[in-house]
Amino acid sequence: MEQTTDPADQRQKLLSMTPAGRALWQVLPNPIDLILKTAFEGIPEDDLATVVRVLSTGTERLNNLLQKGKKS
């Protein structure tokens, strides 16, 4: 990365990727794919579907509770 001063506003800094940074970016693994492979590889689809359902339901319930608190 390279940092330069914004010519229109000297208080601000502009960041830009250098050629070396662009080359590195091309070979880095996709972080989402890496996380999914590391965390969930080998877990049966049925189990993953259950986890998603449980977490979605729990999140929805917590969001509903927070919304009730804001209306009071």
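Is W25 buried or exposed? In this predicted model, W25 is exposed, at a relative accessible area of 57%, where exposed stands for over 50%, buried for under 20% and partly exposed for the range in between (1.4 Å probe, protein chains only). Local features were taken at pLDDT of at least 70 and side-chain atom pairs at pLDDT 80 or more, while totals for chains, interfaces and linings use all residues. Residues are numbered from 1 along each chain as its sequence is written, and side-chain values rest on heavy atoms, with hydrogens and water left out.

The protein contains three helices and two strands, arranged along the sequence as β-β-α-α-α. Helices (H or I, at least four residues) and strands (E, at least two) are DSSP runs numbered from the N terminus. The radius of gyration is 22 Å, well over the 11 Å given by the globule rule for 72 residues, so the protein is more spread out than a compact globule. This radius is taken over C-alpha atoms, and the rule is 2.2 Å times the number of residues to the power 0.38. The C-alpha trace spans about 50 × 45 × 10 Å along its principal axes. Of the 72 residues, 4% count as buried.

W25 is located in helix α1. A nonpolar surface patch is formed by M1, L15, M17, L24, W25, V27 and L28, with about 790 Å² of accessible area together. Patches consist of residues with over 30% relative accessible area and no salt bridge, like charges being joined within 9 Å and nonpolar side chains (Val, Leu, Ile, Met, Phe, Trp, Tyr) within 5 Å. Helix α1 (residues 19-27) gives the most to the nonpolar patch, with three residues. L15 belongs to strand β2 (residues 9-16) and is exposed at 59% relative accessibility.

One salt bridge is present in the structure, defined as a side-chain nitrogen of Lys or Arg within 4 Å of a carboxyl oxygen of Asp or Glu. It pairs R11 with D9, the closest N and O atoms being 3.0 Å apart. R11 is exposed, at 74% relative accessible area, whereas D9 is buried, at 17%.

Conventions. Areas by Shrake-Rupley, 256 points an atom, 1.4 Å probe, with all protein chains shown as cover.
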